[in-house]
Amino acid sequence: MDLLASIFLDPFVRMGTNPTFLVQVVWEGFVSGVLYALVALGFVLIYKASGVFNFAQGIMVVFAALTLVGLAEMGMPGWLALAAAVVAMLILAFGIEKLVLRPLVNQPDIILLMATIGLTRFLVGLGEMVFGGEPKVMITGALGIPTDVLRVPLFGKTLILKEIDITAAVVALAMVAFLAVFFARTKIGRALRAVADDHQAALSVGISLEKIWVIVWFAAGVVALVTGIMWGARSQVSFDLEIIALKALPVLILGGFTSVPGAIVGGLMIGIGEKVGEIYWGRLLGGGIESWLAYLIALGFLLFRPQGLFGEKIIERV
Amino acid sequence: MFYREVGQFKSTYAADMAVFPIRQDRIGILVLLAIAVVVLPLVSNDFVLTSILIPGLIFTLAAIGLNILTGYAGQISLGTGAFMGVGAYAAYKLANAFPEVNLLVWILCSGVFSAGIGVIFGLPSLRIKGLYLAVTTLAAQFFLEWCFVRMGWLTDYSSSGAIEAVRRTLFGLSISGPEADPLTRYFVVLGLVVFLTWITSNLVHGRIGRTWMMVRDMDIAAELMGVRLLPAKLLAFAVSSYLAGVAGAMMVFFWLGAAEPSAFGITLSFQVLFMVIIGGLGSLLGSWLGAAFIWALPVVIKFAPGLVGIDVPSARVEHVNSMIVGALIIFFLIVEPHGLARLWAVTKQKLRVWPFPW
């Protein structure tokens, strides 16, 4: 009876008696959810256009942020380092397309997945060799990111909002809106959607696959850079950030590999779900359940919708 | 002697379907075994034994396990590391609870526990397929890792949270624990791995193996042909996890001597997956080649600069190592997506017609 009460009653009592804390928890979850969604967005972009399950997205986040911070440490002004990091992402996109993707066209999914894991190893080595392995501090000042703390009174208590979190949420939402418009309204966006639909048909109407792939990997690189800046500003820029790639995977399967809105909704659900779960139910199991709760949530959803919430219906023919 | 099967007539169906139908192959495998049993122990020192041969063999077993699941049955799994961990913890608990029973019995039993866990996490495979399944196996990876850290019962509430190899003997020889001789451990590991490879080889060449391959090639078609998917897939998960579990138990008892939960992390899963892919999906030979390649390569890269007289700081070596391994993986995937096993098959074909290829 006690156990049942501690599962079904106590957490809700705690939520009801201290609503400010609940809002605080949900907000924290929301912000990390937004960042998960950004990483997942990078995955989705690449998966849609080239059918590659890009495991290297996490390391691209680290690599982009490291390039930015590393260049700034060498004495570049903030905006120049930012531009240089964008260029680095472009070069990376070109390199990946030329050296990895093109020779592996038409290989099965798992081979492409392995290639991106190989790419991860390569980028880890490269990043550590060029910029060193120590954690670095994100150059929030030079980029003009506010780092103050807002205190908002709510239900008679104070809610603590970090400005950096608000910025992250706003930037992420702006990014998503921009990408949505870009996909829907521009010529390149149409070409991207055509390639995502059917490679051969797209080729036959004169869309250059190579160009599209470079663009997509570049876009994913820019998304990675933004994610890296935001995440790096919240904690530090180090190779530990790579772990967020693994956190983005349940987001992906929850939302579906092919859906941009899915990535957003999935990210928010996972972000908020795991924070609330950890704070209110985690102590029953001894804490630390954040590491796998997201996967369990995703697994639960998958059992009912094997293609994710927004994924395209999987039709199998013999 | 040329590599030819000319003149080797087969008069029975069994001879025709043998694993090694060509006499030269049969001789070759015996020669290899002889090298492994006689020559390698003679020429290797303790360093080679403990840091190349023993781990290489253990990883071979883990790779065979994953290959059953991914290569033969077509279910991608990223949870091998955790299943190895289950085997290791099970062996540790069993060996401590029943010290009078021979350690080898517990090593072989430990796999049963990881097989059980594997079946539980294999259940979603009936509904979830492909890369989606790969991600759900990550749930197993992270959940089990969390269990290793949080459940003190698993480590008998040891303060460090690590498990240690207990001292055990076999026929009076110390095989596990700090004072076990590397050579003895090598023979025990070699024996176990060869034995389990032999069992697995029989399994995949028989009805069960063919069922798995049907499921891999197209599960709906296999179902229509009368394969029951539930037992077939779960059996693949069970056998795969069993082998991984035994490999994990051997890893702690015969190689590392002690292990923390982090030893069974996602990195280990990926390492085994690399071995399977580089070696060749759906090939036991590939698992051997892949494990040897992936395990030996970093060691070689580490010591190669020293041999030719270049002095490189060790941190730099780590980074270059990571880059080279990553680049080589991509390179191999591009050159031969079917792995080292296919490379060997091609070589064999060339050998057959050599020296007159036309």
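First, confidence: chain B has a mean pLDDT of 85, with 96% of its residues at 70 or more. Keep in mind that this is a predicted model, and that it scores ipTM 0.82 and pTM 0.87.

Now for the overall build of chain A. You'll find 14 helices and 2 strands in it. Its C-alpha trace spans about 65 × 60 × 35 Å along the principal axes. Buried residues account for 45% of the 318 residues in chain A. Of the contacts in chain A between residues at least 6 apart in sequence, 74% link residues at least 24 apart.

Zoom in on helix α5 of chain A, residues 78-101. At 1.5 Å a residue, its 24 residues should span 34 Å, and the end C-alpha atoms sit 33 Å apart, which agrees. The buried residues of α5(A) include Ala81(A), Leu82(A), Met89(A), Ile96(A) and also Glu97(A).

Finally, the contact between the chains. It takes 35 residues from chain B and 36 residues from chain A. On the chain B side, α6, α9, α11 and α13 each give two or more residues, and α13(B) supplies the largest share, 12 residues. That side of chain B divides into 27 nonpolar, 5 polar and 3 charged residues.

How values were computed. Residues are numbered from 1 along each chain as its sequence is written. Chains are lettered from A and ligands numbered from 1 in the order in which they are written. This is a predicted model: local features need pLDDT of at least 70, side-chain atom pairs count only at pLDDT 80 or more; totals for chains, interfaces and linings use all residues. Two residues are in contact if their C-beta atoms, placed from the backbone, lie within 7 Å. Helices (H or I, at least four residues) and strands (E, at least two) are DSSP runs, numbered from the N terminus. Ala, Val, Leu, Ile, Met, Phe, Trp, Tyr, Cys and Pro count as nonpolar, Asp, Glu, Lys and Arg as charged, and the others, Gly among them, as polar. pLDDT is the predictor's confidence in each residue, from 0 to 100. The expected span of a helix is 1.5 Å times one less than its number of residues. A residue is buried if 20 or more other C-beta atoms lie within 10 Å of its own, exposed if 12 or fewer, and partly exposed in between; C-beta atoms are placed from the backbone.
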